[in-house]
Amino acid sequence: MRSHAKALVLVVLWLVGLTIACAGSGEGLDEFGNPLGEGGGGELQPTFSSIQANIFTPICTQCHAGASAPLSFSLQAGFSYDHLVGVPSIEVPELLRVDPGQPDDSYLVMKIEGAPGITGGRMPLGLSPLSAEQIAAIRAWIADGALEN
Amino acid sequence: MRNTQLVVLTALIGLCSLGPSSTDLAAEPYLSVRTGLRCSVCHTNMTGGGKRNAFGSIYAQTRLPMMVTSLGDGGSFMATNIADILSIGADLRARASRKETEDETLYPFDIEEGNLYVEATLIRDRLTFYVDEEFAPGNPRNREVFALIKGLPGESYLKVGKFFLPYGFRLLDDTEFIRQRTGFNFDNSDLGVEFGLEPGPLSVAVAVTNGTQGAAENNNDKQFSGFAAVVFPRWRVGVSGSRNEGETGDREAFGAFGGFRLGRFAFLGEYDFINDDPPDGRRGDQTVAFVEGDLLVTQGLNLKVAYGFLDPDRDIGENSRYRVRVGAEHFITQFLQASVYYSRLEDIPQVGDQDELTFELHTFF
């Protein structure tokens, strides 16, 4: 009986503990959780800088960042372009991650669309898929030559 | 099959009577905490995950399910050996979900994991060749392939090849903050060598790998990762650490993890600190935490409550987020598990919250 009472107390304490730490209020932050004034992404455009600020940095770098990024594939600002454009995919080496002018043949597009032929899960893994607007912006940027603009 | 069945059941009874008292066991850390056993007791991979070994297979078929069904040949146990030295295993998790954000609601079917395992015992209790191949979702890909040399001095072992890195609790859910943010998850494996030892209650594993998470080596710096833990029947506690240097900067991760059981309850938790030091000098410090409670209602039925916390940048205030997950996991028979989970991700108001209801069917052997 005593052990059951101890267990019950422990469970209650544990559940109370769960409620202590909760989500931030977001005060003073932009829509990506960065401090206001640091410069947000602005409206999404089919340019590399806009895609970086609106998609890669806030969404993809949750995993693809730092020295231990999956497959050493970083989408952090300053690295993402060199890791994307004209670089063979490691999962499907015959495809480039971004093939300038060829969105349908770019492995990045296949991964975010969950297309047949990809290896592993659709990106972003475990999160909601990118919106049609976000995918369209990436497709348009690649179709326009995938410039570092 | 019958002789094999008798042998393995005898071995099971023997192990249960010699080892810590146990109730359930499978491929998730809560089961390890509940039983008081190490990962290596049930898995070929000494640090857990993947194929169940002979003991793990017996346990999964006899002690996990609510109902043990006949296999049609008069028996109820299936040995996973397909030859003297070869044994196989598999996991398939298929899901139907309802995912709701502020912008949309989706109802996807998907496969969380489909893996096939092959183990060749070349020298009994000494040398093992092991392959873990993912066949779904998407194209096949190799997750692990290594040679495992056991029985070295001090109850130590050596693992050489491609493998999941030793760090913290090996949770199944790669999207949990402690696994997603640290990068130590089932989507990341690396090439190198791992040394471990398990004398008495101590469990230690240290790996030196390329630090490229499975990609070809692109620099001469290596990643060092590992953990040290003490494992007792009713509780365990350990520390983890990792350092990796690469072209995109340096990353350090340190953490502590532990768990205990109390009657039908099992609790586990982990806390990690992650520091990224990129070449541009803009350091980023993250903290992640996880706690989980499990209640064994009856054999074959587990109730789970889990909580994950993330502070994605300690230098920025009011940006933390958390996720709560509740669920029921039912081992219906020896090869089939059905689960239902509800999870809620609370983010800052600008980003919005996410709710997810998932039904999952897991077949395994």
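**Exercise 1.** Find which residues of α3(B) are buried, and explain why helix α3 of chain B is largely enclosed.

*Solution.* Start with the list: B:Ala54, B:Phe55, B:Gly56, B:Ser57, B:Ile58, B:Tyr59, B:Ala60 and B:Gln61 are buried. Here a residue is buried if 20 or more other C-beta atoms, placed from the backbone, lie within 10 Å of its own. Next, compare with the helix as a unit: eight of the nine residues of α3 (residues 54–62) are buried, so the rest of the structure largely encloses it. Helices are DSSP runs (H or I, at least four residues), strands likewise (E, at least two), numbered from the N terminus.

A word on the model: it is predicted, with local features needing pLDDT of at least 70, side-chain atom pairs counting only at pLDDT 80 or more, and totals for chains, interfaces and linings using all residues. Residues are numbered from 1 along each chain as its sequence is written, while chains are lettered from A in the order in which they are written.

**Exercise 2.** Work out how β15(B) pairs with β16(B).

*Solution.* Strands pair if DSSP finds at least two bridges between them. First, β15 (residues 321–333) of chain B pairs with β14 (residues 301–311) in the antiparallel sense over 10 bridges; B:Tyr307 has B:Val324 as its bridge partner. Then β15(B) and β16 (residues 336–346) pair, also antiparallel, over 11 bridges, and B:Arg323 stands opposite B:Leu345. Finally, a hairpin of two residues joins β15(B) to β16(B).

Terms used. A residue is buried if 20 or more other C-beta atoms lie within 10 Å of its own, exposed if 12 or fewer, and partly exposed in between; C-beta atoms are placed from the backbone.
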